[in-house]
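User: Hi! I'm new to this one and would like a friendly walk through it. Could you show me the structure first?

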Amino acid sequence: MINKIKDIVISLSVLLVGYNSVSASQVQSRPNVLFIIADDLSYPYASAYGNKMISTPGFDYVANKGALFKNAFVTSPGCSPSRASILTGLYPWELKEAGTHASSFPKEFKVYPDILKETGYHTGYTGKGWGPGDWTVSDRITNPAGPEYNQLKLEPPHSGISNIDYTANFKDFLDKRKEGQPFCFWLGTLEPHRPFENMSWTKENLNLSNAVVPGFLPDNEIVRGDLLDFAVEVQWFDSHIMKCINELKNRGLFDNTIVIVTADNGMAFPKAKANCYDAGIHVPLAICWGNNIKPQQVIDELVSLVDVAPTLMDVIGINSKIKYSGTSLLPLLKGVKHHPQKMVFAGRERHSFSRFENKGYPMRCIRTENYLLIHNYEPERWPAGDPTEIKNGKLAKAHQAYYDIDDAPSKEYLLENYKDPAVEKYFKSATSKRPEFELFDIRNDEDCMTNLASEKRYTKILYEMKKMLNNKLQETKDIRIGAYAEVWETYPRLEGKSRVFPKP
């Protein structure tokens, strides 16, 4: 009798939200979900990609047990919009306030943790869920990533690392689930988000000679040390992956859990995070799911994290009435090597409070196998933020702002040495005003240092890329290309520091 009542309750709840009805036994047999997301981590900073600077045995284990994606991209180079896109399966420009940084998350947009909860799943998150921003003003009951599990703490090994014990909170979450109940857990570390503990790499016995310096940064000891401090935090993030997997194994849950490991946007270095260059939107991705997908796969097809929500609906077997902009990755995971998506899209609006009147720097981009096109909609604005600010009623020193770049030794080095001919190109590439269109040949310029948009031999490619980008933005009803683009500037900023800048 009790089981019949459970079946009725579950079926009613499913019908009310518009999904296929399922029995209690079917709910219990559905796969669990463990979604693990780093905060500010670019591709290829994982040892599974052959990167010698970082050791990531947890990420590598997931990749070895399932699939390693070499061309995974986020939909935005900033935390809030990227995470909102992952949770909804929609592009940031489809999400109103949730499509910009540190605003709200309108309740009209259904997130996959809520869908799974309504179909019988135990849901929760630890660390950083959706954010920064204020989800409470949208009348949401919990963070869009689920109920919070952040009570259990630890003594962090370095000052830049959070004291949240992600693994312990995951165990607490599992302890609170009902017997046989499937679960969906979001493990969002606050690493490797800045600040890092300066010189923490020396305590971990890392070597400056092993630092892998990308071509958009100068190669010197300061930058190398900054990258190794970054590596320390990446390895802390990674350590929790294996701990959580071992916990699943101890409870007999690993084989029926789809584990997804990725990041929300690129690393917090100049010309990476908050930019639509590859270093800002190209992220690591590994997925495993017991014996349900073939192990040791290496997938080269372009995929987007807007695909996460529809993938989970497909894996779990929920036919949602929501029209997703993403595409299920399950066929790829099952060995179908002809993914219909031959291109990916991303964009950004406001990031931090970095310009006069809190204006953003709107971008949209399209990335194919060979090329990246970026449309900068307000090229008269400064891409990394205004160069100087007003402090105590006075104009501060020039080139000391650029707040869309996180404070860091690498940033300080550029600002202090921008007149040095050996540094100038890196400084300008990160901070100078940009033309309306930027086109890069990724095959020969993965660091996006040479804009080809004005070269005649690329006229046809530029035209085709523009057309494909505009078609996508029209299809997804992006107001940035409509008559009310200024709406983006009206969305409130509900978290973060305010600043004063001189009028342009």
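Analyst: Happy to. Let's start with Lys321, which lies in the loop between α10 (308-316) and α11 (330-333). Keep in mind that this is a predicted model.

User: Is Lys321 buried or exposed?

Analyst: Lys321 is exposed, because its relative accessible area is 74%, and the cut-off for exposed is over 50%.

User: And what separation is there between the C-alpha atoms of Lys321 and Val303?

Analyst: Those C-alpha atoms are separated by 23 Å, and the two residues are 18 apart along the chain.

User: Let's change topic. Which domains does the chain have?

Analyst: The domain assignment gives domain 1 (32-338) and domain 2 (347-489). Their C-alpha centres lie 25 Å apart.

User: How many residues of each domain are in contact with the other?

Analyst: On the domain 1 side there are 41 residues, in contact with 40 residues of domain 2.

User: Where does the largest nonpolar core lie?

Analyst: The largest nonpolar core has 117 residues, and Phe69, Tyr112 and Phe230 touch the most other members. Helix α8 supplies the largest share of this core, 13 residues. Domain 1 and domain 2 both give residues to the core, so it lies between them.

User: Which residues does Phe69 touch?

Analyst: Leaving out residues up to four places away in sequence, Phe69 touches Tyr49, Leu285, Ile287, Ile299, Val303, Leu329, Leu332 and Leu333. There is also a second, separate core of 19 residues, with Phe437, Leu452, Leu473 and Tyr491 among them.

User: You mentioned α8. At what angle do the axes of α3 and α8 cross?

Analyst: Helix α3 (residues 57-65) and helix α8 (residues 221-250) have axes that cross at roughly 55° and come within 6 Å.

User: Last one: which residues of α12 are buried?

Analyst: In α12 (residues 409-416), the buried residues are Ser410, Lys411, Tyr413, Leu414 and Leu415. Their cover includes α8 and α13 (421-431).

Technical notes. Residues are numbered from 1 along each chain as its sequence is written. This is a predicted model: local features need pLDDT of at least 70, side-chain atom pairs count only at pLDDT 80 or more; totals for chains, interfaces and linings use all residues. Side-chain values use heavy atoms; hydrogens and water are left out. Axes are lines fitted to C-alpha atoms, for helices over the stretch in contact, and angles run from 0 to 180 degrees between N-to-C directions. Helices (H or I, at least four residues) and strands (E, at least two) are DSSP runs, numbered from the N terminus. A nonpolar core is a set of buried Ala, Val, Leu, Ile, Met, Phe, Trp, Tyr and Cys residues joined through side-chain atoms within 4.5 Å. Buried means under 20% relative accessible area, exposed over 50%, partly exposed in between (1.4 Å probe, protein chains only). Domain bounds come from an automatic or database domain assignment. Contact means heavy atoms within 4.5 Å.
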